[in-house]
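Subject: Structure handover

Hello,

Here is the structure we spoke about, with the sequence alongside. My notes follow below.

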Amino acid sequence: NSTIITGLNVYPSPALYNAKITYALTKATNVSIDLVNVLGEKVNTFSVGAQSPGKQEYQINIESLMEGIYFIKLNAGASTQAVKFTVIR
């Protein structure tokens with residue numbers, strides 16, 4: 001099993017100003033996070049860097065985003081997972 005990412009979650013959803021991303025890694029790897037709109041367009045990328053195995057969390061500021069549905073795409077090594085969340089104004 002080559003799954004590196006487990007338990008990916010974003011809260012709160014709907015979110016107003018900040019969103020917290022929680023996940024766990026099964027092994028040490030470099031992590032980046034893409035923020036993607038509902039049209040599949042990349043809105044922002046956050047380079048998290050090298051992380052150890054275990055539970056992780058990362059907070060992003062979403063004040064500049066327009067209201068709507070977005071996806072957090074977590075990239076860890078060769079693994080990618082996505083989760084949907086909503087921004088309200």
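Is Thr22 buried or exposed? The model is a predicted one, and in it Thr22 has a relative accessibility of 17%. The cut-off for buried is under 20%, so Thr22 counts as buried. Thr22 is part of strand β2. Leaving aside residues up to four places away in sequence, Thr22 touches Gly7, Leu8, Asn9, Tyr11, Gln56 and Glu57.

The sheet around β2

Strand β2 belongs to an open sheet of three strands, in the order β1-β2-β5 with antiparallel pairing. The edges are taken by β1 (5-11) and β5 (54-61), and each has a single partner strand, so one side of each has no neighbour in the sheet. From one strand to the next, the twist averages 15°. Between β1 and β2 (residues 18-25) there are five bridges, in the antiparallel sense. Within that pairing, Val10 is opposite Ile21 of β2.

Salt bridges

How many salt bridges are there? The count is two. In general, side chains of opposite charge can pair when their charged atoms come close.

One of them joins the side chains of Glu57 and Lys20, at 3.4 Å from N to O. Because Glu57 is in strand β5 and Lys20 in strand β2, this pair ties together parts 37 residues apart in sequence. Lys20 is partly exposed, at 23% relative accessibility.

Another is formed by Lys42 and Asp34, whose closest N and O atoms are 3.9 Å apart. Lys42 has a relative accessibility of 57% and so counts as exposed, whereas Asp34, at 7%, counts as buried. Lys42 is located in strand β4. Besides Asp34, the residues that Lys42 touches include Leu35 and Val36, with those up to four places away in sequence not counted. For a sense of distance, the C-alpha atoms of Lys42 and Thr6 are separated by 23 Å, and these two residues are 36 apart along the chain.

Strand β3 and its partners

Why can β3 be called largely enclosed by the rest of the structure? The reason is that seven of its nine residues are buried. Strand β3 pairs with β4 in the antiparallel sense, over eight bridges. In this pairing Ile33 has Phe46 of β4 as its bridge partner. Strand β3 also pairs with β6 (residues 68-76), again in the antiparallel sense, over seven bridges. There, Val31 is opposite Ala76 of β6.

The hairpin of β3 and β4 has four residues between the strands, and Gly40 in this hairpin takes a positive phi near 90°.

A nonpolar patch

Leu39 sits in the loop between β3 (29-37) and β4 (42-51). Its relative accessibility is 67%, so Leu39 counts as exposed. Together with Val38, Ile69 and Phe71, Leu39 forms a nonpolar patch on the surface. The accessible area of these residues together is about 380 Å².

Regards

Technical notes. Residues are numbered from 1 along each chain as its sequence is written. This is a predicted model: local features need pLDDT of at least 70, side-chain atom pairs count only at pLDDT 80 or more; totals for chains, interfaces and linings use all residues. Side-chain values use heavy atoms; hydrogens and water are left out. Patches are made of residues with over 30% relative accessible area and no salt bridge: like charges are joined within 9 Å, nonpolar side chains (Val, Leu, Ile, Met, Phe, Trp, Tyr) within 5 Å. Accessible areas come from the Shrake-Rupley method with a 1.4 Å probe; for residues, only the protein chains shown count as cover. A salt bridge is a side-chain nitrogen of Lys or Arg within 4 Å of a carboxyl oxygen of Asp or Glu. Helices (H or I, at least four residues) and strands (E, at least two) are DSSP runs, numbered from the N terminus. Buried means under 20% relative accessible area, exposed over 50%, partly exposed in between (1.4 Å probe, protein chains only). Two strands pair if DSSP finds at least two bridges between them. Axes are lines fitted to C-alpha atoms, for helices over the stretch in contact, and angles run from 0 to 180 degrees between N-to-C directions. Contact means heavy atoms within 4.5 Å.
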